Amino acid sequence: MSDTALLVLEALDKAFIESFWPHPYFHAFCQHNKKQSFRNTLNRLEHRGLILGERKGKRISYFLSETGEKLAKRIKLKLELAKSRRWDGKWRVLIFDIPEKMRGKRDFFRKELQEFGFHQLQKSVWVYPYNLPRNFFDLWGDFAFGKQLVLIESAKIGQDDELKSFFAL
């Protein structure tokens, strides 16, 4: 439900809690209707610094923090990638060499690649069969990976039967 709240706030820019119920994202992604449950979600997001609340009389207006905006963009991109599932016969091979001193960022990046649907070929080599949006690497701009990430587009990978099976191609 946290993802839903972030997407709704990104779409609305600023909203009172009542604004969430008529919004199509809320009904599309949330199974439960309890407003208190949703209020709890907003409180958790606020506590994590992903949204900010601004009191206006007896009501609170919510909006995304800078961190929340970045996370909402990631979530949106994941949804976009999930939709674009037509293989063009090319493999996207992502190779990275992130130093040990950046281990936390490296581990986070691996987790993100896995969530985006990449398959780990080797420890720092990941494969994805579908086209990537232009802004894909912008999502990690804060990490300053620079030349530590290399993306190769290849029409062929030797013995790719396992990959084709993994991606159901």
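Which residues make a nonpolar surface patch of about 200 Å²? The patch is made by Ile95, Val150 and Ile152. Patches are built from residues with over 30% relative accessible area and no salt bridge, where like charges are joined within 9 Å and nonpolar side chains (Val, Leu, Ile, Met, Phe, Trp, Tyr) within 5 Å.

## Basis of the report

The structure is a predicted model, in which local features need pLDDT of at least 70 and side-chain atom pairs count only at pLDDT 80 or more, while totals for chains, interfaces and linings use all residues. Residues are numbered from 1 along each chain as its sequence is written, and side-chain values use heavy atoms, with hydrogens and water left out.

## Overall composition

The protein contains six helices and seven strands. Here helices (H or I, at least four residues) and strands (E, at least two) are DSSP runs, numbered from the N terminus. Read from the N terminus on, the elements follow the order α-β-α-α-β-β-α-β-α-β-β-β-α.

Of the 169 residues in the protein, 37% are buried. A residue is called buried under 20% relative accessible area, exposed over 50%, and partly exposed in between (1.4 Å probe, protein chains only). The accessible surface of the protein comes to about 10,600 Å², and carbon and sulfur atoms hold 49% of that surface. Such areas come from the Shrake-Rupley method with a 1.4 Å probe; for residues, only the protein chains shown count as cover. Among the contacts with a separation of 6 or more, 66% are between residues 24 or more positions apart, a contact being heavy atoms within 4.5 Å.

## The four-stranded sheet

Four strands form an open sheet in the order E5-E6-E4-E7, and their pairing is antiparallel. Two strands count as paired if DSSP finds at least two bridges between them. Strand E5 (119-122) and strand E7 (149-154) are the edge strands, since each pairs on one side only. From one strand to the next, the twist averages 30°. Within the sheet, strand E4 (residues 91-96) pairs with strand E6 (residues 125-128) in the antiparallel sense over four bridges. At this pairing, Val93 stands opposite Val127 in E6.

Helix H5 (residues 103-116) lies across E4, E5, E6 and E7, and runs at about 170° to E4. For such angles, axes are lines fitted to C-alpha atoms, for helices over the stretch in contact, and the angles run from 0 to 180 degrees between N-to-C directions. Ile95 is partly exposed, with a relative accessible area of 32%.

## Salt bridges

A search of the whole structure finds 10 salt bridges. Each is a side-chain nitrogen of Lys or Arg within 4 Å of a carboxyl oxygen of Asp or Glu. One of them joins Arg92 and Glu153, whose closest N and O atoms are 3.7 Å apart. Because Arg92 lies in strand E4 and Glu153 in strand E7, the pair ties together parts that are 61 residues apart in sequence. Arg92 is buried at 1% relative accessible area, whereas Glu153 is partly exposed at 48%.

Another salt bridge brings together the side chains of Arg106 and Glu100 (3.1 Å, N to O). Arg106 is buried, with a relative accessible area of 10%, and Glu100 is partly exposed at 48%. Both residues belong to a network of salt bridges that links Glu100, Arg103, Arg106, Asp107 and Arg110. The side chains of Lys164 and Asp160 also meet in a salt bridge (3.9 Å, N to O). In this pair, Lys164 is partly exposed at 29% relative accessibility, while Asp160 is buried, with a relative accessible area of 12%.

## Residues with positive phi

Gln159 has a positive phi of about 50°, although it is not a glycine. Gln159 is placed in the loop between E7 and helix H6 (161-166). With a relative accessible area of 79%, Gln159 is exposed.

Ala168 is a residue other than glycine with a positive phi, near 55°. Ala168 lies in the segment after H6, and at 67% relative accessibility Ala168 counts as exposed.
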